[in-house]
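Try each task before you read its solution.

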Amino acid sequence: MRLSTGYWQTLKETPNDAEVVSQQLMMRAGLIYKTGAGLYTLQPMAFRSYKKIEKIVREEMDRINSFEVLMPVITPGELWQESGRWDAMGGQMLKFKDRAERDLCVSPTNEETVTDLFRRTVNSYKQLPVCLYHINTKFRDEIRPRFGLMRAREFIMKDAYSFHYDKASLDSFYDEMFTAYSNSFRRMGLDFIAVEADGGNMAAGGAKTHEFQVVADNGEDYVVTVPRTKFAANIEKAITVRKNIASSPASELTKFATPNQKTCEEVCAAHGFQITQSLKSLVMHTVIKGKDQFFMVMLLGDDSLNEVKFKNKVDAEHIRPAQQAELDRLGLVKGFMGPTTTAEGFKVIFDEAIDMNASYVVGANEADHHLKGFVPSRDTKPKNFRADLRLAKEGDFIGDDQIVIKKGIEVGHIFQLGDKYTKAMKVTVLNEQGKGITPLMGCYGIGMTRVLASAIEQNNDKDGIIWPASIAPYDAYLCFIGKTPETKALVEGIWEDFKKEGLEVLFDDRQLGPGMMFKDADLIGLPLRVVIGERDYLATGEIEVKVRKTGETLKVKKDELLPTVKAKLKELGKWL
């Protein structure tokens, strides 16, 4: 593209509502335009990068014998009602009725649609396994869309769905998909970690599920890693232990005054206890088999609740912290509640990091008072139980290894769904004996537009974007400093030579000053910058090639230019 006639415009100032680096740089560099809350237009350069991401993903999907289809963005409500998710998806699903009063929705995902397609087209085990995928628009009505393409309401996803005769087949294909995802992100030039994850309501119990996390300082997710063993898990999935916790031996249970001291930190600071000698009381409201239930969760004073572990442990459909009116009804005083209460209507769960025979400070269930000398095994009811409920944190261990926590952006997630949807939607295929069996499913998603933002979130500096070579909108930025017809003719010839060799070049022919051109070049962040300076070329016959990622600068003769550019692009991953 020639910049003098191309469609491209930068912003001088960063928009006030651009919260993270990728959003700021994409808007400043003219890559995206905000059409509305959580709604973005991909402008030409961003769209070129997106198409390269799409090409890589398609090649890896096709490599494992997946078949591309294109399912509709609008899907019938009856399919979602059949699976039971019409109400369960809540406000995230944008629902409406057509002129015939039929329920419809803008698809947030496509399990129901593909399961319906499968049951109408496949009827024998001989047609299994099969994997169908598509790349299409999704919509989820986020309460607070933010971070540009990272958490938009409308986005593009690659979602694939596989169907299998048995678990062995599902396991085998899952491993193939894991490899395809790893290859895809590696080819995109991303620093990523594949982590064990919690499948939530999606994955079948005990089934495999992994997230693919791009490592980035502004990531919303936390990943627990063990460098020595290469272990990695989402923080919500990781089971870690604390060591060398300060605790107190059993002592007499005594009430003491704690005026306006409602947190463990406040009580411990005021009365000389270590934070791990106190217990935090959290009351959670749950819905289990359609019924409301309450739990008091006990944690060490500086621990936090892992809501995913808690939800899975009690097998709840929904969870949330109890509201003030509910605490009042249970007879609990917020800031001063504890497990010694005689109030009914809830169960108490102790986290496994708590020593049941040690002494702790807990709420006294009386305003402005706490208890010291509380021993869980002595001072609680037998019906109370223990579970691993705490959120992993720095300083924890897995075995003998101390963990390292990294921040990441989830760009891909693969699940084993089991028969969750095929059973709900009464899907069967005939086995060798002619008997109907329910096939098993796998589900595999990549947030395509999120990958675009994640690549920039991970690859940037104070001057702008640093594109991975394999997904950069162009291979190189070509510009010249000079005004003579001879120099212009030289640069035009070089541009034509690049194009003949299949290189994609952004030609800045606007004849601006070098400072402005170089600033734009750094902001766009193409892998290479090629500069023909009239004075230098006439004096030495040399052309400058600068590598955006490393800052390396080379001076080469004209006949060395093409080989040098190709070699550098290959080093940067252009032909991975």
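**Exercise 1: a tilted ring pair**

Both Phe185 and Phe212 are buried. This is a predicted model, so treat every value below as computed from it.

Task: Classify the ring pair of Phe185 and Phe212 as stacked, tilted or edge-to-face, and say which elements hold the two residues.

Solution. Start with burial: Phe185 and Phe212 are both buried, which means each has under 20% relative accessible area. Next, take the geometry: the ring centres of Phe185 and Phe212 are 5.7 Å apart, with the planes at 40°, so the pair is tilted. Then place the residues: Phe185 belongs to helix H6 and Phe212 to strand S10 (residues 209-215), and the pair links distant parts of the chain, 27 residues apart. Finally, look around the pair: ring pairs join Phe185 and Phe212 with Phe178, Tyr181 and Phe192 in a cluster.

**Exercise 2: a second pair from helix H6**

Task: Find how many aromatic pairs the model has, then work out the class of the pair Phe173 and Tyr444.

Solution. The count comes to 15 aromatic pairs, taking ring centres within 6.5 Å. In the pair of Phe173 and Tyr444, the centres lie 5.9 Å apart and the planes meet at 70°, so the pair is edge-to-face. Phe173 sits in helix H6 (residues 167-187) and Tyr444 in strand S26 (residues 440-447), so this contact ties together parts that are 271 residues apart in sequence. As for burial, Phe173 counts as buried at 8% relative accessibility, and Tyr444 is buried at 0%.

**Exercise 3: charges over rings**

Task: Which rings have Lys95 and Lys243 over them?

Solution. Take Lys95 to begin with: its charged end sits over the ring of Trp86, 4.6 Å from the ring centre. Now turn to Lys243, which lies over the face of Phe397 at 4.5 Å from the ring centre.

**Exercise 4: the second largest pocket**

Task: Describe the second largest pocket by its volume, its lining and the classes of its lining residues.

Solution. The space in the second largest pocket is about 480 Å³. Its lining is made of 28 residues, and those nearest the pocket centre are Lys280, Ser281, Leu282, Gly335 and Met337. Helix H7 (264-271), strand S14 (279-288), helix H9 (324-330) and strand S18 (360-363) each give two or more residues to this lining. S14 provides the largest share, with 6 residues. Sorted by class, the lining of the second largest pocket holds 15 nonpolar, 8 polar and 5 charged residues.

Definitions and conventions:
Residues numbered from 1 in each chain as written. Predicted model: local features only at pLDDT ≥ 70, side-chain atom pairs only at ≥ 80, totals over all residues. Heavy atoms only, no water. Phe/Tyr/Trp six-rings, centres within 6.5 Å; stacked < 30°, edge-to-face > 60°. Helix = DSSP H or I, 4+ residues; strand = E, 2+ residues; numbered from the N terminus. Buried < 20%, exposed > 50% of the residue type's maximum accessible area, 1.4 Å probe, protein only. Lys NZ or Arg CZ within 6 Å of the ring centre and 35° of its normal. 1 Å grid on protein atoms, 1.4 Å probe; cavity = no way out; pocket = protein on both sides within 12 Å on 5 of 7 lines; lining within 4 Å. Points joined across faces, edges and corners; volume = space filled by probe spheres on them. Nonpolar A, V, L, I, M, F, W, Y, C, P; charged D, E, K, R; others polar.
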